[in-house]
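Keep the sequence and the model side by side.

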Amino acid sequence: GMAEVEYRCFVGGLAWATTDQTLGEAFSQFGEILDSKIINDRETGRSRGFGFVTFKDEKAMRDAIEGMNGQDLDGRNITVNEAQSR
């Protein structure tokens, strides 16, 4: 069958304090979220300062990119764009 399309945003420039949960909460205003994940350093367990938010539909993803790119989250101006497909 056809590969499932993922509506996933890359979110960069995150504060160390931002968690999977607070990332998801910040983006949930734009639509239904399937997944929100901060990428952590394997050795230290600390946030690497970026993450991904996956939306259920394309409109939510586009609205989130438009609405959140350059906005303040936990004191940092974050970067939001469409994630590259793996």
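Start at Ser 36, which sits in strand 2 (residues 33-40). Helices (H or I, at least four residues) and strands (E, at least two) are DSSP runs, numbered from the N terminus. This is a predicted model, in which local features need pLDDT of at least 70 and side-chain atom pairs count only at pLDDT 80 or more, while totals for chains, interfaces and linings use all residues. Residues are numbered from 1 along each chain as its sequence is written, and side-chain values use heavy atoms, with hydrogens and water left out.

Is Ser 36 buried or exposed? Ser 36 counts as buried, because its relative accessibility is 17%. The classes are buried (under 20% relative accessible area), exposed (over 50%) and partly exposed (in between), with a 1.4 Å probe and protein chains only. A polar atom of the Ser 36 side chain lies 2.9 Å from the backbone oxygen of Asp 20. Beyond its neighbours within four places in sequence, Ser 36 is in contact with Asp 20, Leu 23, Gly 24, Phe 52 and Val 53. Contact here means heavy atoms within 4.5 Å.

Two strands pair if DSSP finds at least two bridges between them.

Six bridges join strand 2 to strand 3, and the two run antiparallel. In this pairing, Ile 38 has Gly 51 of strand 3 as its bridge partner. The two strands form a hairpin with six residues between them. Gly 45, in the turn, has a positive phi of about 75 degrees. Strand 1 (residues 7-12) also pairs antiparallel with strand 3 (residues 47-55), over six bridges. Here Cys 9 stands opposite Val 53. Val 11 has Gly 51 in strand 3 as its bridge partner.

Which residues of helix 1 are buried? They are Leu 23, Gly 24, Ala 26 and Phe 27. These residues lie on the same side of helix 1, because they cover an arc of only 160 degrees around the axis. The arc is that of the directions from the helix axis to the C-beta atoms.

Turn to its charged side chains. The structure holds five salt bridges, each a side-chain nitrogen of Lys or Arg within 4 Å of a carboxyl oxygen of Asp or Glu. Glu 58 forms one with Arg 62, with the closest N and O atoms 2.9 Å apart. Glu 82 meets Arg 62 in another, at 3.0 Å from N to O. Glu 82 lies in strand 6 and Arg 62 in helix 2, so this pair ties together parts 20 residues apart in sequence. Shared partners join Glu 58, Arg 62 and Glu 82 into one network.

How values were computed. Polar contact = N/O pair within 3.5 Å; in protein donor to acceptor, adjacent residues only side chain to side chain.
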